[in-house]
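Me: I would like to learn how to read a few features of a protein model. Can we go through them one at a time?

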Amino acid sequence: MERPIRKKLKTVVITFTILILPLLYLLFVLIKQDEANKAYEEAIVFGDKDKDNLAIRKIDYAIRFVPWNRTLKNQKVQLLMKRKEYRKALNCILETDAYFFTALLYEYLNSDDSAKIYYRKGIPLLIEQLQDYNNDLVLLYQGERQVALFYTFLGEKEKAKKYLRKIPNTLDYYQTRIINQFDYYIESYQSGGYKDFLEGKTVFFGVDCIPKSIEIDSLIDANHFYYNGREGTGDDYQYEIKMIFEQKAVSCGMNKIDKTNE
């Protein structure tokens, strides 16, 4: 083979290698991200300790190549929270702008003062995001309620009131009900924080003492509280209600159920 031809072939090979290597690297990274995502999904669905460990290892490996990937970091944080490893979870996001998630983790670590620092950091970002919701009234009013919620946690009720605008009549019953849950919680709030709002302690109530002619959902709504869930069949339902609404449930005639022996 003549020298000019060999030189041309060499140039072609080098050029091809330069072009293909980044594509191969990108493909490799995508495969590792996909493996991490699948491992995470299995860990969440099946809740197995070994699956948790495997998912965290795969997520850590993928993060080495894409350290800016917020989804992978959030997945790791959720798995660590699931394992009650709150300090490790906090270390994963402490230098990010996931301020409300950070505040929640500080609450798990019984550091309420630190949590309030991150509520305050996160509120301006949340207010800024409201501009993106102008074409979706449900998201807009929910976003405003979230701002009010965090101001409530900070004890700044006057600032919270500014974000509790009257819900427009254009929203349907179910949309209004979702937004009202923020209003009812804020109205009854005494202490706690984001952790209490998301997964606070609950008590169970029955409706044996309430006449069958009364529509329970309307009664609950009229008394400005909501239930987390209900169980039962026919007319025999038990309602799981946040503890902050306990007195409201009693005042409207619901009967508290002791489930400690069940």
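Reply: Start with a pair of charged side chains: Glu 158 and Lys 161 meet in a salt bridge, 3.4 Å from N to O. The model is a predicted one, in which local features need pLDDT of at least 70 and side-chain atom pairs count only at pLDDT 80 or more, while totals for chains, interfaces and linings use all residues. Residues are numbered from 1 along each chain as its sequence is written, and side-chain values use heavy atoms, with hydrogens and water left out.

Me: What is a salt bridge, and how many are counted by this rule?

Reply: A salt bridge is a side-chain nitrogen of Lys or Arg within 4 Å of a carboxyl oxygen of Asp or Glu. The count by this rule comes to 17 salt bridges.

Me: Where do Glu 158 and Lys 161 lie?

Reply: Helices (H or I, at least four residues) and strands (E, at least two) are DSSP runs, numbered from the N terminus. Both Glu 158 and Lys 161 belong to helix α8 (residues 157–161), where they are three residues apart, about one turn of the helix.

Me: Is Glu 158 buried or exposed?

Reply: Buried means under 20% relative accessible area, exposed means over 50%, and partly exposed is in between (1.4 Å probe, protein chains only). Glu 158 has a relative accessible area of 57%, so it is exposed. Lys 161, at 52%, is exposed as well.

Me: Which residues do salt bridges with shared partners join into one network?

Reply: Lys 32, Glu 35 and Lys 58 are joined in this way. In the salt bridge between Lys 32 and Glu 35, the closest N and O atoms are 3.3 Å apart. Lys 32 is found in helix α1 (residues 3–46). Because Lys 32 and Glu 35 are three residues apart in that helix, about one helical turn separates them.

Me: Is Lys 32 buried or exposed?

Reply: Its relative accessible area is 19%, so Lys 32 is buried. Glu 35 has 30% and is therefore partly exposed. Contact means heavy atoms within 4.5 Å. Not counting residues up to four places away in sequence, Lys 32 touches Tyr 61 and Ala 62.

Me: Which residue meets Lys 88 in a salt bridge?

Reply: That residue is Glu 85, with 3.5 Å from N to O. Lys 88 counts as exposed at 51% relative accessibility, and Glu 85 counts as partly exposed at 22%.

Me: How is the length of a helix read, for example in α3?

Reply: The expected span is 1.5 Å times one less than the number of residues. Helix α3 (residues 70–82) has 13 residues and reaches 18 Å from its first C-alpha to its last, close to the 18 Å expected. Its buried residues include Leu 72, Gln 75 and Lys 76.

Me: What is found at the start of α3, and what follows the helix?

Reply: At the start, a side-chain oxygen of Asn 69 comes to within 3.1 Å of the backbone nitrogen of Thr 71. After the helix comes Lys 84, with a positive phi near 65°.

Me: How far apart are Glu 231 and Phe 204 in sequence and in space?

Reply: They are 27 residues apart in sequence and 10.0 Å apart in space, C-alpha to C-alpha. Glu 231 lies in strand β2 (residues 227–233). Not counting residues up to four places away in sequence, Glu 231 touches Phe 204, Asp 236, Tyr 237, Gln 238 and Lys 259. Its relative accessible area is 39%, so Glu 231 is partly exposed.

Technical notes:
A polar contact is a pair of N or O atoms within 3.5 Å; within protein, one must be able to donate a hydrogen and the other to accept it, and residues adjacent in sequence count only if both atoms are side-chain atoms.
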